[in-house]
Amino acid sequence: MPSLAPHLPQLICPAGSLPALKAAVQSGADAVYLGFKNATNARNFAGLNFTDSQLKSGIEYAQSQGREVLIAINTYPQAGRTAEWQASIDAAADLGANAVILADLGLLEYATRRHPQLRRHLSVQGSATNFEAVNLAYEHFGISRAVLPRVLTLPQIEYVIKNTPVEIEVFGFGSLCVMAEGRCILSSYATGESPNTHGVCSPASHVQWLPKGDTLDTRLNGILIDHFEKDEPAGYPTLCKGRFEVGDASYYAMEEPTSLNALSVLPELIRMGVKAIKVEGRQRSPAYVSEVTKTLRAAIDAASDPRYSVKPAWQQALSKVSEGHQQTLGAYSRPWR
Amino acid sequence: MQLTLGPLLYYWSRQATLDFYAAAADWEVSTIYLGEVVCARRHELRTSDWLALGQQLCQAGKTVVYSSQALLESGSDLSSLRRFAKEGGLLEANDLGAVKIARDLAIPYIAGPHLNIYNGATLDWHQAAGAIRWLPSLEASRAAIVATLAEAKLPIETEIFAHGRLPLAFSARCFTARHYDLSKDACEFKCIEHADGQLLKTREGQDFLRLNGIQTQSAACHALIHDLASVTNVGASHLRISPQAQFTAEIVAAYAAALAQPAAATQFDWQRINPEGLVNGYWHGQAGICRKETV
């Protein structure tokens, strides 16, 4: 059930489909975020996302249960096609979304002018990593919330919170972007398509799975991202999570396939005044959404108890749905510093 | 068309850095971008050193711009940037926080390539906020740049990143420190051992990327030397050359010669100057790693 205690952060869960939205609501999300079936969406994957009519019924359902729907229109409008992005903002307003999540300044300005009553959140793709950036968006576009990139340490997050009137949302669980979101064009360097321009990273259309006897190569636009021996579990060739050679070493030069898991620092995030905890994964199944939402719901509700500790059952539940079955505290923890 | 010298992306010794800029004072560049843009831990030159260097280059007739880090995280990152803004004048903003600082001080700024300007409305917003020049995102194609300028309603100068390894990504994590099994806080400043970054190859030996601390670059050198005709008629006023450990003077001279006399572009030994290879895919709307022959 949604959080009743006002000091607890909202739990914001992903939905790539109507069944996922229902799973999130039924599992205790305070809000669901989702996107249209077009290039305005940073998870613009085949078979995912919402048509206007699906969105209408999704919003009706969520709001009837007292939950919110946030619409992510968080790619960067490409010149000459800006009208498509503006039309998506208009549609979000018409459908009665609780807020839009935006990254592009021109689009924020459009939304502010055209739909001043529609709440605006600064997307993680907007790359605001410091209070000055957040306050700029507050002064010009009246944003009520900013989602921080997964690059800040806990003290850095607290420093932002202390210096801005804007609500701060951080990631609590999901696939880990090792790069600052909105500041990474590795995907277009390899394939021509990036999160900023096409709403995709290491797009499936450019992926090849090439078995060679007992082994498997994964390639992105022909570039070898990883090679798996017979008994190694093969993962999706996300560019920054492949194995490469640097000097004499062959290793995960940037990051292992792993998921962010902030359960152990939830009390700290709450104490600092984080207003919302986000779960990554609009490309994941309703079963994932249900499992993760239930677990995070239980953890957030327990986190204000001074005796809080991470329950083994929660860890097990999250481990099952983690990338490479590995989890990390990412930038929140010291080893990354 | 004016040539500019982009900010130094690598970590060189104090002497190597000062020598580089002493030489650059005589190069055919109108503008020199200074400052540490990658990692606040790099300290061979401190804020006051950069400001003093800027004064010398001003006296040599260069326009000096201080570039902000692309990932501004700490309070000290912000305070040293405020000092550059107050004492140095022109800023290149590579982060919205830097835009805020320039605006608060009412000083003009150059909207850097990491600000994610992909359309006319956003470009106009920056112009109204005080930007006097902009650099398109490094992944923008010629067609995208033309479309952005066509959509914009306010006049602004355009600078194109013309030559250099592409700064593709920024992270909280330091990949150079990771390579040496060191933590970022105790990195022993290993970047200083790699004057052009560290090459990252695929496991079948293809040059792919280049590790430069928290920044990831292209292994290859993005180069528009053979595309200058299509660069100049976009309406750009400035072309940026990005520093590398060797041959930067020759690269500047090559671009100056090619701008004066297009046939000169083919006279330079690029295999010697950039043995890592030249790419221009982004300019042509392809993957950045591609090379499209235009000569």
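The model is a predicted one, in which local features need pLDDT of at least 70 and side-chain atom pairs count only at pLDDT 80 or more, while totals for chains, interfaces and linings use all residues. Residues are numbered from 1 along each chain as its sequence is written, and chains are lettered from A and ligands numbered from 1 in the order in which they are written.

**Chain A as a whole**

Chain A has 11 helices and 16 strands, where helices (H or I, at least four residues) and strands (E, at least two) are DSSP runs numbered from the N terminus. Along the principal axes, the C-alpha atoms of chain A fill a box of roughly 60 × 55 × 40 Å. The radius of gyration of chain A is 20 Å, which agrees with the value near 20 Å that a compact globule of 337 residues would have; this radius is taken over C-alpha atoms, and the globule rule is 2.2 Å times the number of residues to the power 0.38. Of the 337 residues in chain A, 57% are buried; a residue is called buried if 20 or more other C-beta atoms, placed from the backbone, lie within 10 Å of its own, exposed if 12 or fewer do, and partly exposed in between.

Chain A is divided into domain 1 (10-176 + 258-336) and domain 2 (194-251), with bounds that come from an automatic or database domain assignment. The centres of the two domains, taken over C-alpha atoms, are separated by 27 Å. Where they meet, 12 residues of domain 1 are in contact with seven residues of domain 2, a contact being two residues whose C-beta atoms, placed from the backbone, lie within 7 Å.

Helix α5 (residues 131-141) of chain A is mostly covered, since nine of its 11 residues are buried, including A:Phe131, A:Leu136 and A:Phe141. The buried residues of α5(A) pack against elements of chain A, among them α4 (105-114) and α6 (154-162), and also against α3 (75-88) and α4 (96-104) of chain B. After α5(A) comes A:Gly142, whose phi is positive, near 55°.

The strands β9 (residues 207-212) and β10 (residues 215-220) of chain A pair in the antiparallel sense, and β10(A) pairs in the antiparallel sense with β11 (residues 223-228) of chain A; two strands pair if DSSP finds at least two bridges between them.

| Hairpin | Bridges | Residues between strands | Turn residue and phi |
|---|---|---|---|
| β9(A) and β10(A) | six bridges | two residues | A:Gly213, about 60° |
| β10(A) and β11(A) | five bridges | two residues | A:Asn221, about 50° |

Within these pairs, A:Gln208 stands opposite A:Arg219 in β10(A), and the bridge partner of A:Asp217 in β11(A) is A:His227.

**The contact between the chains**

The contact takes 55 residues from chain A and 54 residues from chain B. On the side of chain A that touches chain B, 29 residues are nonpolar, 19 polar and seven charged, where Ala, Val, Leu, Ile, Met, Phe, Trp, Tyr, Cys and Pro count as nonpolar, Asp, Glu, Lys and Arg as charged, and the others, Gly among them, as polar. Strand β8 (residues 179-184) of chain A also pairs in the antiparallel sense with strand β7 (residues 157-171) of chain B over two bridges, and A:Met179 stands opposite B:Ser171 in β7(B).
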